[in-house]
Amino acid sequence: MTGGIYGKLKDAQGVTVVVKNPATGYENTLTPDKTGYYNVSNLAPGTYTVQLIRNGSATAEQALSVRAGAASPAVFAAATNTPSAAEVNAKNLDVISVSSTTTSVNTIDVSTVENTQIWNLSDVNNLPVSARNLEGIATLQSNVSAAGKLGSAQGYSGGFVQFNGAAPDENRYYINQFDTTNGSNMLQPTGVPDEAISTIQIKSTGYGVQYGSTTGGVTSGTIKQGSNIFKVGGSIYFTPPTSSWLNPNAPNARNKEDTSKYNIFSSATHTQSQITNNLWSSGPILKDQLFYYALFTNKGGSPQTTYDQNSGTTKDVFNQNPSHGGLINLTWNINKDHTLDWLLYRENDNSRHTQYALSDPYNPGSASATPYNYSHGINNEWLSVLNYTGKITDTLSMSAMYGYLRTRYYTHTLSDDQGGSLPSVSYFDPATQKIVVPPGGTGPATVNSPFVYDKKGYRLDFDWYPVEQHHLSFGLDHYNYVATIVTNTNPLGAWAYNINNCPPGQGSCALPNGALLANGTPYVSSAISYQNDVNRNINKSIYLDDTWQVSNNVLLYAGLRHDTYVSKLDTGQTYLRMPYNSPRFGVSWDVHGDSSLKIGATLGRYAEGLGVNYNDLAGAAYISQMYYYTYNCASANCADHGYLPQNLQQAGAPTGVVGNLPATVDGQVSHNIRPSYQDSASIYALQQFHNSWTAGATFYVSKLRNLMEYWNGATLVNNYLSANGYNYQLPANGLGYLYNPGKSLDLTLPSGPGGALQRVVIPNSYLGMPKPERKTYQLTFTLDHAATAEEPWFLDVSYTWRHLFGNTTGAVNATGSANSNVWSNGYDQSWQAPAFLDGAGGNLQSDAKNTLKINGYYRFSYGLRLGGMFTASSGVPLSCYSNYPYPDDGRLSANGNSQDSYYCGNRLISRGHAGKTGFWDQLDMDIGYDWKLASNSLSLDLKMTNVFNRNAVLQKNQVYNANVNDPTPSPTYMTPNLFQAPRSTMLVFRWQYN
């Protein structure tokens with residue numbers, strides 16, 4: 001969340017460098033070393049002046065922009081002359097004139113071997129971006145994608161972001177240095193209001209050892225800070241309701257076999273208008289020392305009505321009720337060398353989902369007036385981040401961060417209202433021979449506490465310059481996250497009344513638990529459920545790196561990161577502890593010595609952290625039992641006592657499970673397990689030319705080396721145990737094992753029923769699992785133009801060619817098969833046993849060969865502003881999925897068969913060989929007008945995405961059929977199930993006073 005300034009003077013004798021920021025009162029005097037080099041770090045983002053002082057007089061001065069996460073070079077032609085603005089811009093793209101209309105593009109920072117992109121939200125406001133959050137800004141780059149509408153939970157990636165074709169759970173998202181990635185599923189960040197974000201830094205390739213637990217991209221947001229200038233402002237975002245012109249619906253897709261039904265039914269969808277208001281203020285509390293930035297946001301309700309696709313018999317109304325949040329960011333400049341920043345954010349929102357029955361399918365007018373079901377979700381979020389930056393000595397500085405995040409979610413349903421004070425009751429009706437519920441309804445069988453997710457983390461970072469040529473960085477980070485939900489039996493019980501019906505001629509027979517009862521005896525069963533589901537994980541690391549100035553123009557980088565991933569059972573015991581080392585290297589060449597041309601390369605290993613979604617796979621402490629009783633009441637089913645049984649007498653022992661914990665704490669983990677990791681390399685060049693232009697090219701290669709998944713193929717293991725003389729068999733419904741596909745299973749198993757534990761190693765040659773493979777070859781070209789007073793237009797162009805192939809998309813299944821669901825337990829069920837991996841090698845789902853993205857805007861002198869975004873992309877490969885045709889060969893998992901194999905119509909069709917989706921493109925536009933009214937700055941924007949309302953098919957149904965023996969495809973095979981998001985329109989008004 002801080003940046004820096006550096007430079008090198010040809011003639012530094014007798015020269016001092018003064019760095020100032022009048023907006024915050026910052027001033028620092030630097031003395032160049034004997035080579036003429038100087039630098040200052042831990043600067044708050046903003047506009048600074050750099051002065052060269054010789055013999056008490058300023059000989060040159062330069063204004064430049066400091067942005068979070070980057071160092072800006074101050075380049076002077078000579079120490080005796082003050083360069084003109086044109087000369088400054090010609091020498092370095094980081095140097096910008098101080099103007100409200102000035103923006104900066106991807107800077108050429110030669111103080112590091114990394115190649116990063118930084119977006120200023122003031123620029124993004126001029127573009128027709130529908131999502132201005134961490135994920136949405138990342139997708140402005142051509143090497144980043146999100147299938148379907150971002151965050152829509154649609155498409156094979158669930159609408160989540162993918163960097164360089166990696167799976168959506170491989171990214172990390174930071175706010176003010178705190179990792180806000182949701183540890184429950186590792187899919188998306190906990191958000192803050194878009195309006196509060198100042199800049200977003202994106203690292204997609206070759207980043208250093210300060211960042212870990214990711215094999216994808218790193219996106220970091222910095223919250224706005226106050227200054228000595230008092231400001232107040234606001235914004236209003238208005239989205240009109242559904243209409244054929246401004247916000248039309250996606251097209252329908254009829255069922256090929258039964259044209260009265262639809263695979264996609266969108267024409268009757270209706271979303272009401274929505275207004276989001278933001279009000280903010282910033283300024284000094286104590287001049288030059290203590291500043292604040294505060295924001296209040298309120299998002300209005302917006303009911304959306306949809307209809308189910310296949311039968312058209314349900315009307316769904318999703319109402320995002322009004323939500324609100326408050327944020328404050330306090331910045332205390334203790335002195336020029338020490339700063340403290342404290343961010344606090346609180347948000348409350350709730351939603352309601354109501355379902356109505358349709359008597360006439362697909363006819364909205366036939367909906368019932370009374371809902372048959374509804375659920376009400378209440379979500380509360382808290383975020384607090386404390387940052388310290390300080391200079392300890394002239395050669396040592398440090399930063400520290402502590403953050404806390406809490407999410408609390410609770411769902412209230414119709415059954416809670418109808419049966420909130422009722423027991424859960426059902427009974428056998430002899431007249432209808434069916435199980436029914438009593439008149440007046442019944443309560444739920446179980447009740448859940450709110451879901452609570454807590455994440456605490458801290459990090460320390462040190463920067464040390466022991467000698468002039470070496471910059472050492474070292475530090476640590478530690479994150480602890482816990483996801484908790486408690487499930488209990490209904491306090492009034494979960495009762496099922498029945499009658500013991502014996503076969504003809506038998507006077508008595510056994511209940512399901514084996515207890516004998518006379519024929520015709522009434523009995524009641526009681527379901528007892530309890531689970532205190534507490535998933536705990538710890539991800540911690542230490543790192544050390546050295547940036548070595550080998551010569552005036554060449555940097556070498558070497559770093560090592562040591563991560564330790566710890567996971568715990570519900571009991572609090574550690575079942576998994578994985579230490580891992582990730583070395584990384586880099587080199588860069590400042591070709592001309594003036595930051596105008598940088599050529600570099602990186603090579604490194606990147607390991608993926610663990611979410612708590614793995615924990616239940618290794619064992620969970622819970623109770624799930626069924627008790628059986630006889631009873632005695634005056635009325636049938638104890639109706640006279642509110643259906644609560646009286647005079648209970650237990651019949652036999654209970655059935656079920658008390659606990660589902662392994663025999664040893666780590667009993668469900670293969671002892672040779674390692675985290676998922678990949679090796680990647682990049683070669684890049686950045687060229688600044690003609691005042692405000694920068695061009696870049698990056699060639700990126702990555703190879704997945706290891707994958708952590710879940711084995712559940714009991715049959716193969718039991719066959720091995722029997723063949724090798726072990727007197728033990730895995731239970732058919734038991735837990736599986738966390739393991740690395742392609743490696744042996746190294747397990748702790750009993751020597752026999754109730755026997756002593758022993759190590760058993762089952763070689764992979766017996767299991768028949770292929771080694772996970774995912775390879776990426778990618779070439780990206782970029783072209784950026786910075787808006788200046790002389791050239792008031794901004795342009796960002798990027799093009800990516802990619803080839804992505806292998807037999808896995810990553811830890812989660814993002815393919816389009818039957819078990820494709822990034823919301824699942826965090827693993828790919830295809831790797832539970834070998835049956836679904838025949839033919840799995842091929843072009844992966846994100847293998848879009850060509851992607852072009854163009855973003856830009858132009859400011860006219862009279863206030864009019866035009867912005868636009870254009871995206872064009874090749875289609876992606878399609879596969880064919882069906883049931884495994886040999887279900888009795890022992891190669892299926894304990895979960896059985898599903899449409900995840902590549903056998904279709906009894907023929908093996910390898911991944912990616914069932915065709916491709918088509919080319920698609922999209923144009924988005926922004927028309928804005930800016931004007932001044934006294935001390936007020938105002939703007940009005942009309943933003944429209946997908947101007948021409950393209951309806952390209954982005955994804956098709958790839959499930960061939962559900963019948964092993966049927967060679968005929970189902971009528972839904974290869975029919976569209978995801979279209980390009982239709983045109984959307986938004987009106988935005990902004991106001992600022994200062």
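Two strands count as paired here if DSSP finds at least two bridges between them, and the tour of this predicted model begins with a pair that meets this rule: strand 11, residues 172-175, is joined to strand 14, residues 218-223, by four bridges, and the two run parallel.

**The five-stranded sheet**

Select residues 172-175 together with residues 218-223 to bring strands 11 and 14 into view. Within this pair, pick out I175 and look across to G221, its bridge partner in strand 14. Then widen the selection to the whole sheet, which is open, has five strands in the order 8-13-14-11-12, and shows mixed pairing. At its edges stand strand 8 (117-120) and strand 12 (178-179), and because each of these has a single partner strand, one side of each is left without a neighbour in the sheet.

Is D563 buried or exposed? Its relative accessibility is 2%, and D563 therefore counts as buried, the limit for that term being under 20% relative accessible area. Show the side chains of D563 and R561, and a polar contact between them can be traced at 3.0 Å. To see what else surrounds D563, leave aside residues up to four places away in sequence and display S213, K540, S541, M578, P579, Y580 and S582, each of which D563 touches.

**Three disulfides**

Now select the bonded cysteines; the count of disulfides comes to three, and, with bonded cysteines numbered along the chain, they follow the pattern 1-2, 3-4, 5-6.

Go to C502 and C509, which a disulfide joins with an S to S distance of 2.1 Å. The torsion about this S-S bond of C502 and C509 is about -85°, so the disulfide is left-handed, and both C502 and C509 are buried.

Continue to C633 and C638, another disulfide, in which the sulfur atoms are 1.8 Å apart. Which hand does the link of C633 and C638 have? With 80° about the S-S bond, the link of C633 and C638 is right-handed, and both of these cysteines are buried.

The remaining stop in this group is C880 with C904, whose sulfur atoms lie 2.0 Å apart in a disulfide. Here the torsion about the S-S bond is about -125°, so the disulfide of C880 and C904 is left-handed. C880 lies in the loop between strand 52 (864-873) and strand 53 (903-904), whereas C904 lies in strand 53, so the pair ties together parts that are 24 residues apart in sequence. C880 is buried, with a relative accessible area of 1%, and C904 is buried as well, with a relative accessible area of 3%.

The phi angle of N42 is near 55°, a positive value in a residue other than glycine.

Then select S595, which is found in the loop between strand 37 (574-590) and strand 38 (597-607). S595 is not a glycine either, yet its phi is positive, at about 65°. With a relative accessible area of 4%, S595 is buried.

Notes. Residues numbered from 1 in each chain as written. Predicted model: local features only at pLDDT ≥ 70, side-chain atom pairs only at ≥ 80, totals over all residues. Heavy atoms only, no water. Buried < 20%, exposed > 50% of the residue type's maximum accessible area, 1.4 Å probe, protein only. Polar contact = N/O pair within 3.5 Å; in protein donor to acceptor, adjacent residues only side chain to side chain. Contact = heavy atoms within 4.5 Å. Disulfide = S-S within 2.5 Å.
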